[in-house]
Amino acid sequence: MIIYALISALIWLAVTLLSHGYLETGGFFFDLPNGQMPFGRFFILYVLAFILYLITVIKVSRLPADRRNIFIVISGAIVFRLILLPGIPVHENDIYRYIWDGKVSNAGINPYKYPPIQASIKPNVSDLESMTDSSALETGLKPVSTVISSDFEKLKKTRDDNSKFYRRISFKDIPTVYPPFAQAVFALSTFIAPGSIFFMKFLFVLFDTAVIFLLYMILKEMKQNPLYVVVYAWNPLVLKEFANSGHYDSLAICCVMLAVYLMLKKRYIFSSISLGLGVLSKFYPIIFIPFFLIKKQYKAVPVSLAVIGAGYLPFFIWGKTGLRSVFAGFGTYTREWANNGFIFSIIHALTAIFVYDPYILSRILCGTIFVIIWIFIYFNKQDLPGKMFWALTAMFLLSPVGDPWYFCWVIPFLCIYRQFSLIILSGLLILHYFIFTRDFGAVHIGSFKIVNLLLMQYVPFFLFFIIEGRFKYGIYSKLNHMKPKSL
């Protein structure tokens, strides 16, 4: 295990050096054209890391869970993250929006009120004066024009404080989609270290590391080999998306895993609070809340909903933003975004043969299929963490948006329910990033069309999935020789 850890550390060190352009490449600097970025070399390093990871996952099934091996797994995971932390994000720029949202909040403006583009569009004061309520002037309240003009000056100053970061924000015309707890973390980061990518990534790595320790405790509580924490702790996709790219999803994952641990301890109210915080970080944990009803924990559901409501309420009031504006960005996301969703793309391609604009119909069909699967999972005789695992997996596979870092939501559950096909998918999803550097074309069968990058990621996965369901031996049996305790 020590040798595997050392080799993995060297690979991730090479990734960090590569991102900075130290290995005779241009690196992954944002202003460099995508075609000049060394993604091919990164991909080779990633494949090597993933092969070593698979060998390690198989090996731990035969190792004793003694202190030495546990120390190697956990300390190795922490070292990998520290090595990747100073790296330039590989084909990612979401962190610039996080920084913007945090700085806007610290400037005293509700981050849901204005899209970033508003910092470059001066409001027409004469038009705003006509909107001003005369009674407000009589009572001494600030006119609407004064408030919005003041906000504009604050936004403009925030933009000019780091115009380089402002230019790097994508979708400047869309209000933020990130929920309140995430906004609180963004604001904390930019308050402590304004404009620091490193510090914000460091916070996300702290949550990521907390997930590792929670998984260790969950595995022990479920009477499983705690060494299986390596499935998450050393997973290359997790390492790339959090420690390198700085996605904040580790915050939501931490809340969900804390909720799972509290479920196992039968602390359902505290678990429901943690799930509520998870929804306030990323919306996906909301599909877990009804599962409390299975255990007849009727108070847990309203507690989760109360936490969510309490988290949003200040943002509805702040700056008189209102419910509609707070969810405007999320509404745009649900209506218009689609990226790397395999089943959605197939349904979209099939419906396009018969329908002029199949986008909404495809979303409805995928949503309907998910609801059916979720109902089946709800009534199926399985432990609560297992229900969460399969519901989340179904949601990812049916979602129009299959961004690789979204799959990191599933990976913690793979420490408990070691589905080898899904572990393989975590490696295949890195192929998505070739979209920035190379066009692999598409398959055309009459009017049916699907891009080859999707086929490259998902066809091998589904083949493994079918084989895994058919044969219960070999690697599958070794990884699943210990059954989890029911809940």
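This is a predicted model: local features need pLDDT of at least 70, side-chain atom pairs count only at pLDDT 80 or more; totals for chains, interfaces and linings use all residues.
Student: Which residues line the largest cavity?

Tutor: The lining consists of Tyr96, Ile99, Trp100, Lys103, Thr158, Asn162, Phe165, Tyr166 and Ile169.

Student: And which helix supplies the largest share of that lining?

Tutor: Helix α4 does, with 4 residues. Both α4 (94-106) and α8 (163-167) supply at least two lining residues each.

Student: What is the make-up of the lining by class?

Tutor: The largest cavity is lined by 6 nonpolar, 2 polar and 1 charged residues. Lys103 is the charged one, because Lys is counted as charged, together with Asp, Glu and Arg.

Student: What lines the second largest cavity?

Tutor: Its lining residues are Ser8, Trp12, Ala49, Tyr53, Phe80, Trp234, Pro236 and Leu239. By class they divide into 7 nonpolar, 1 polar and no charged.

Student: Which helices each give at least two residues to that lining?

Tutor: Those are α1 (2-19), α2 (39-60) and α12 (236-244).

Student: Changing topic, how many salt bridges are there?

Tutor: The count is 11 salt bridges. One of them joins the side chains of Glu92 and Lys240, with an N to O distance of 4.0 Å. Glu92 is located in the loop between α3 and α4, whereas Lys240 belongs to helix α12, so this pair ties together parts that are 148 residues apart in sequence.

Student: Are those two buried or exposed?

Tutor: Glu92 counts as buried, at 11% relative accessibility. Lys240 is buried as well, with a relative accessible area of 1%. The cut-off for buried is under 20%.

Student: Which residues are linked with them in a network?

Tutor: A network of salt bridges links Glu92, Lys240 and Glu241.

Student: What about Glu221, which residue is its salt-bridge partner?

Tutor: Glu221 forms a salt bridge with Lys265, and the closest N and O atoms are 3.7 Å apart. Since Glu221 lies in helix α10 (residues 197-221) and Lys265 in the loop between α13 and α14 (268-279), the pair ties together parts that are 44 residues apart in sequence. Lys265 is partly exposed, with a relative accessible area of 40%.

Student: And where do Lys156 and Asp160 sit?

Tutor: Both are in helix α7 (residues 144-161); being 4 residues apart there, they are separated by about one helical turn. Lys156 counts as partly exposed at 31% relative accessibility, and Asp160 as partly exposed at 40%.

Student: How far apart are Gly246 and Leu85?

Tutor: They are 161 residues apart in sequence, with their C-alpha atoms 8.4 Å apart in space. Gly246 lies in the loop between α12 and α13 (250-264) and is buried, with a relative accessible area of 1%.

Student: Finally, the surface. Which residues form the nonpolar patch?

Tutor: Leu350, Ile353, Phe354, Val355, Leu361 and Leu365 form a nonpolar patch, with about 530 Å² of accessible area together. Among them, Val355 is placed in the loop between α18 (342-351) and α19 (359-379).

Student: Why does Val355 count as partly exposed?

Tutor: Its relative accessible area is 31%, and partly exposed is the class between under 20% for buried and over 50% for exposed.

Notes. Residues are numbered from 1 along each chain as its sequence is written. Side-chain values use heavy atoms; hydrogens and water are left out. On a 1 Å grid over the protein atoms alone, a cavity is a set of points where a 1.4 Å probe fits but cannot get out, and a pocket is an open set with protein on both sides within 12 Å along at least five of seven lines; lining residues have an atom within 4 Å of a point. Patches are made of residues with over 30% relative accessible area and no salt bridge: like charges are joined within 9 Å, nonpolar side chains (Val, Leu, Ile, Met, Phe, Trp, Tyr) within 5 Å. Accessible areas come from the Shrake-Rupley method with a 1.4 Å probe; for residues, only the protein chains shown count as cover. Buried means under 20% relative accessible area, exposed over 50%, partly exposed in between (1.4 Å probe, protein chains only).
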